[in-house]
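The following paragraphs lead through selected packing and pairing features of the structure shown here. Please keep the sequence and the 3D view at hand while reading.

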Amino acid sequence: MTTDTSRAELDAVVVGAGFSGMYMLHRLRDLLGLSVRVFEAGDDVGGTWYWNRYPGARCDSESYLYCFSFDEDLAQEWSWSGKYPEQPEILRYLNHVADRFDLRPDIRFGTRVTAAHFREDLNRWEIESDQGDRVLARYFITAIGCLSAGQVPNIEGLDGFEGDWYHTGAWPHEGVDFAGKRVGVVGTGSSGVQAIPVIAEQAGHVTVFQRTPQYMIPARHGTVTREFLEEAKRNYNEIFEKRRWTQSGFPFDPSERSALEVDDEERRAIYEAAWEQGGFRFLSATFSDIALDRRANDTAAEFVRSKIRDTVRDPETAEKLVPRDHPFASKRTLIDTNYYETYNRENVTLVDIRHDPIEEITASGIRTRDGDHDLDIIVFATGYDAMTGPFTRIDIRGRGGAVLKEKWAEGPKTYLGLVSAGFPNMFMITGPGSPSVLSNMPVSIEQHVEWISDLVGHMLASGLEVAEAAAEAEAEWVDHVNEVASKTLYLLADSWYLGANIPGKPRVFMPYAGGVGNYRKRCDEVAAAGYEGFVLRGGESVAAR
């Protein structure tokens, strides 16, 4: 039964009501019988899909793979409309999940957690919200997402802009009317490349301010039929099990051939076939060494560059769109729909702000070094303070008043991306140091939620009060994450994986690049060894494993 929690004591507090928080609530409440409160800043469930309502917002994982697998009936009763689900459809799916498992009564909406302090005298977390809540909980679990702390660039003059401006990650729910408007879009990351083609169809004129050209793979929405989706449902058990053990959480069979072992003609034919199929299969179905060998990577990069030049009619614009300063897939690989084709429209202009930088925002638009661009609307598709930003915006304090933001000042320090030493009974779903953003997110979310709830169940059965990472295990894991990353090409790009989009943020590769399957195996080994690397305490006794 739901009760007032303004001064409540609970078994667990979960922050966030997206995929992660909803499943965590279900596991803790319905499987373990715990009292749980979810705090959610939005007015309803959905997480990233509640906030990201910008034009063209769509998932770049295929729909039949971007869903929960924990309940067979849920998987069978929901039917996706096509290859890649758009934001409204994903939000309908998450609302369906919330209704099906009666989750809303234990979610406090419109409430942002502002502080979480560990009370050593009680072995409890004291959590406060912007609505005046003060709650004690044994377990403090973050389901705050990797990309939820929006980043608006600090450009002089924004406050004086007389038009309207928006960030893609906090889009007005009533939508934005672009008809006949002069629109400036700043940023060409994932949200930018999805929004720009749709805005261009509505606006009078669109000016795109691009800092970094991107490699993109076409989505090819039409390559999936209703028959395919129904066949996938009949094979869900096999598909779901397979995706748990692959590199990125997709059930695609990886290629075992090198890009360097075939001649130019065969290599081109392989790339062409994968390009026509579209999506992330391009990475797995072509060659095994694209992400590891710069020479192999160059062949993929040049193939994509040739496609840009073939698509964009104006040679000068095409060259502005050609990426040259980083390897293919060293930044997030983008899946697009008519992005390059949009630059063939007469109402679209591309400004390369590396060569023509933004100097200020004026009352009437954006001023670059080479001139003024009059605008009615500015859209900031400028991304997020990724991975760590959602944590450092909350005042989180562990043992001895240690501040998480200060501990992570030189980069995040976690054990398995699940816990951080000195912060007992605090668990992070898809935290830094886990595959998270390098994977199909529902797969990583389910694995984390299930692993955390299994540990909590073990603690309850064993009479254990506290679980936290041992400092030595954390240090070894951080070293391992860095070592694995050093063998890839990820470090050769100024990406948000490394925090390069945030001024002053330390350049540390934050996700785990070792693969979903390898990571799952390691987590299973830790649990089987009595939660190796954790310090488990029950009453006054201490069990250090």
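In helix H15, the residues Val443, Ser444, Gln447, His448 and Trp451 meet a set from helix H17 that consists of Val516, Tyr519, Arg520, Cys523, Asp524, Val526 and Ala527. Sorted by class, this contact of H15 with H17 comprises 7 nonpolar, 3 polar and 2 charged residues. The model is a predicted one. H15 covers residues 441-462 and H17 covers residues 516-528; their axes lie 11 Å apart and form an angle of about 0°. Because angles under 35 degrees count as roughly parallel, H15 is described as roughly parallel to H17.

The crossing in which H8 passes H10 is right-handed. On the side of H8, the contact is made by Arg267, Arg268, Tyr271, Glu272 and Trp275, and on the side of H10 by Ala296, Thr299, Ala300, Phe303, Val304, Ser306, Lys307 and Asp310. The contact of H8 with H10 has 6 nonpolar, 2 polar and 5 charged residues.

The strands come next. Strands of a sheet pair through backbone hydrogen bonds, either parallel or antiparallel. An open sheet of 5 strands shows parallel pairing, and its strands follow the order E7-E16-E8-E9-E12. Which strands stand at the edges of this sheet? They are strand E7 (164-167) and strand E12 (348-352); each has a single partner strand, so one side of each remains without a neighbour in the sheet. On average, and with direction ignored, neighbouring strands of this sheet are turned by 15° against each other. Within the sheet, strand E9 (residues 205-210) runs parallel to E12 and is joined to E12 by 5 bridges. Glutamine 210 has aspartate 352 of E12 opposite.

An open sheet of 3 strands has antiparallel pairing instead, in the order E13-E14-E15. Its edges are formed by strand E13 (358-362) and strand E15 (371-374), each with a single partner strand, so that one side of each is left without a neighbour in the sheet. Strand E14 (residues 365-368) and E15 run antiparallel and are joined by 4 bridges. Arginine 367 has aspartate 372 in E15 as its bridge partner.

One of the pairs to inspect is glutamate 86 with arginine 58, whose side chains meet in a salt bridge at 2.6 Å, N to O. Where in the chain do glutamate 86 and arginine 58 lie? Glutamate 86 belongs to the loop between helix H3 (72-77) and helix H4 (87-100), whereas arginine 58 belongs to the loop between helix H2 (48-51) and H3. The two residues are 28 residues apart, and the pair thus links distant parts of the chain.

How values were computed. Residues are numbered from 1 along each chain as its sequence is written. This is a predicted model: local features need pLDDT of at least 70, side-chain atom pairs count only at pLDDT 80 or more; totals for chains, interfaces and linings use all residues. Side-chain values use heavy atoms; hydrogens and water are left out. Two strands pair if DSSP finds at least two bridges between them. A crossing is left-handed if the near helix is turned anticlockwise from the far one by less than a right angle, and right-handed if clockwise. Contact means heavy atoms within 4.5 Å. Ala, Val, Leu, Ile, Met, Phe, Trp, Tyr, Cys and Pro count as nonpolar, Asp, Glu, Lys and Arg as charged, and the others, Gly among them, as polar. A salt bridge is a side-chain nitrogen of Lys or Arg within 4 Å of a carboxyl oxygen of Asp or Glu. Axes are lines fitted to C-alpha atoms, for helices over the stretch in contact, and angles run from 0 to 180 degrees between N-to-C directions. Angles under 35 degrees count as roughly parallel, over 145 as roughly antiparallel, 65 to 115 as roughly perpendicular and the rest as oblique.
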